[in-house]
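Have the structure open and follow along.

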Amino acid sequence: MITPEDLKHDFYKLLQVDREADVVIIHKAYLTIMSTLNAHPDKGGDKETAELLNRAWEIFKDSDLRKEYDSQFISDEEYPSARKEFIARLLTDEVLSVLN
């Protein structure tokens, strides 16, 4: 399931791949970034970056999750104000659901 937190991140940009990239290309990008940036925490990398990269791979390796992410994510380049409004609405809904 895609979370509001997932939608705060442009995982395509993080992995430096096009939206149309297939899973093989995305996996290669993921492995390359994890190794070249030494992003893995066991190798002295930043834990938060590694978690984002891992979440991106989790989403993109599952075709259903990727479709869900693609249908909900609005990139900053395409619609900067719409993205901010969308995230604000998601966060508001999430807070309200916790309070109720």
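## Helix H3

The expected span here is 1.5 Å times one less than the number of residues, and helices are DSSP runs (H or I, at least four residues) numbered from the N terminus.

A word on ground rules: this is a predicted model, where local features need pLDDT of at least 70, side-chain atom pairs count only at pLDDT 80 or more, and totals for chains, interfaces and linings use all residues. Residues are numbered from 1 along each chain as its sequence is written, and side-chain values use heavy atoms, with hydrogens and water left out.

The buried residues of H3 are Ala-50, Leu-53, Arg-55, Ala-56, Trp-57, Ile-59 and Phe-60. Buried means under 20% relative accessible area, exposed over 50%, and partly exposed in between (1.4 Å probe, protein chains only). Among the elements covering those H3 residues are H1, H2 and H4.

## The core and its rings

The largest nonpolar core has 21 residues, and Leu-15, Val-17, Ile-26, Ile-59, Phe-60 and Tyr-69 touch the most other members. H3 gives the largest share of this core, six residues. Such a core is a set of buried Ala, Val, Leu, Ile, Met, Phe, Trp, Tyr and Cys residues joined through side-chain atoms within 4.5 Å.

Now for the aromatics: the whole structure holds six aromatic pairs. Rings of Phe, Tyr and Trp (its six-membered ring) pair if their centres lie within 6.5 Å; planes under 30 degrees apart count as stacked, over 60 as edge-to-face and the rest as tilted. Tyr-30 and Trp-57 are stacked, 5.8 Å centre to centre with 15° between the planes. That pair ties helix H2 to helix H3, 27 residues apart. Phe-60 and Tyr-69 have ring centres 5.8 Å apart and planes at 80°, so they pair edge-to-face.

## Helix H4, two sides

On H4, Leu-65, Arg-66 and Tyr-69 are buried. They cover an arc of only 100° around the axis, so they sit on the same side of H4; the arc is that of the directions from the helix axis to the C-beta atoms. These buried residues pack against helix H1 (11-15), helix H2 (23-36) and helix H3 (47-61).

On the other side of H4, Asp-64, Lys-67 and Ser-71 are exposed. Asp-64 has 56% relative accessibility, so it counts as exposed.

Conventions:
Contact = heavy atoms within 4.5 Å.
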